[in-house]
Amino acid sequence: MASETRERDLTIRGLTVRYSEVIVAGHTVELALSYDIGEAEAVQGRPFSDDMDRHIQQGMFAMNRISGDGTIGKVVAAPGSVLDGKCIRRAQIGHCREIEPENAGWSIYRDGVKVERAPWSCVEGEPPRSHSDLG
């Protein structure tokens, strides 16, 4: 079964945040957000604290709402942990619908008639399913 890790850097509140996505058989099974504590202290101009982490986390929530599609909300809401000078948030994805885009549930109307949508899945053309059998 094919697996891959996709990573990209986001700038949130002047800080570089690494976004990682573990994909197995086309399905996202794990998401992680991490940032360097030393960089956060330099950018924020104060020592690292729970308050600073909440401030950065709120920036992650804002980025998710205004520039994303809402699919990383689960990992943003995960508690942060500190390891090797990095603050890391990690979320396991057990089912496609756990990372459904916020706009997937919006109603569409054509000629005044509501159009029903198919349930959202991580992999286009495949029904939503549990990821426990992906390996």
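**Salt bridges and the strands they join**

Tutor: Begin with the order of elements. From the N terminus, the protein chain runs β-β-β-α-α-α-β-β-β-β. That comes to three helices and seven strands. Keep in mind that this is a predicted model. The C-alpha trace spans about 55 × 40 × 20 Å along its principal axes.

Now the charges. The protein chain carries 16 positive and 21 negative side chains. The centres of these two sets lie 4 Å apart. How many salt bridges does a search of the whole structure find? It finds ten. Let us look at some of them.

Start with Glu7 and Arg18. These two form a salt bridge, and their closest N and O atoms are 3.0 Å apart. Where do the partners sit? Glu7 belongs to strand β1, residues 3–12, while Arg18 belongs to strand β2, residues 15–24. The pair therefore ties together parts that are eleven residues apart in sequence. A network of salt bridges links Glu7, Asp9 and Arg18.

Next, take Lys86 and Asp36. Their side chains meet in a salt bridge at 3.9 Å, N to O. The cut-off for a salt bridge is within 4 Å, so this pair counts. Lys86 lies in strand β5, residues 86–92, and Asp36 in strand β3, residues 27–36. The pair thus ties together parts that are 50 residues apart in sequence. Lys86 is partly exposed, at 36% relative accessibility. Asp36 also counts as partly exposed, at 30%.

The next pair is Glu126 and Arg129. They form a salt bridge, with the closest N and O atoms 3.4 Å apart. Glu126 has a relative accessible area of 26%, which is partly exposed. For Arg129 the value is 31%, again partly exposed.

Finally, step back to the whole chain. Of its 135 residues, 36% count as buried. The chain exposes about 8000 Å², and carbon and sulfur atoms supply 48% of that area. Now consider contacts between residues at least 6 apart in sequence. Of these, 49% join residues at least 24 apart.

Definitions and conventions:
Residues are numbered from 1 along each chain as its sequence is written. This is a predicted model: local features need pLDDT of at least 70, side-chain atom pairs count only at pLDDT 80 or more; totals for chains, interfaces and linings use all residues. Side-chain values use heavy atoms; hydrogens and water are left out. Helices (H or I, at least four residues) and strands (E, at least two) are DSSP runs, numbered from the N terminus. Buried means under 20% relative accessible area, exposed over 50%, partly exposed in between (1.4 Å probe, protein chains only). Contact means heavy atoms within 4.5 Å. Accessible areas come from the Shrake-Rupley method with a 1.4 Å probe; for residues, only the protein chains shown count as cover. Lys and Arg count as positive and Asp and Glu as negative; His and the chain ends are not counted. The place of a charge is taken as NZ of Lys, CZ of Arg, CG of Asp or CD of Glu.
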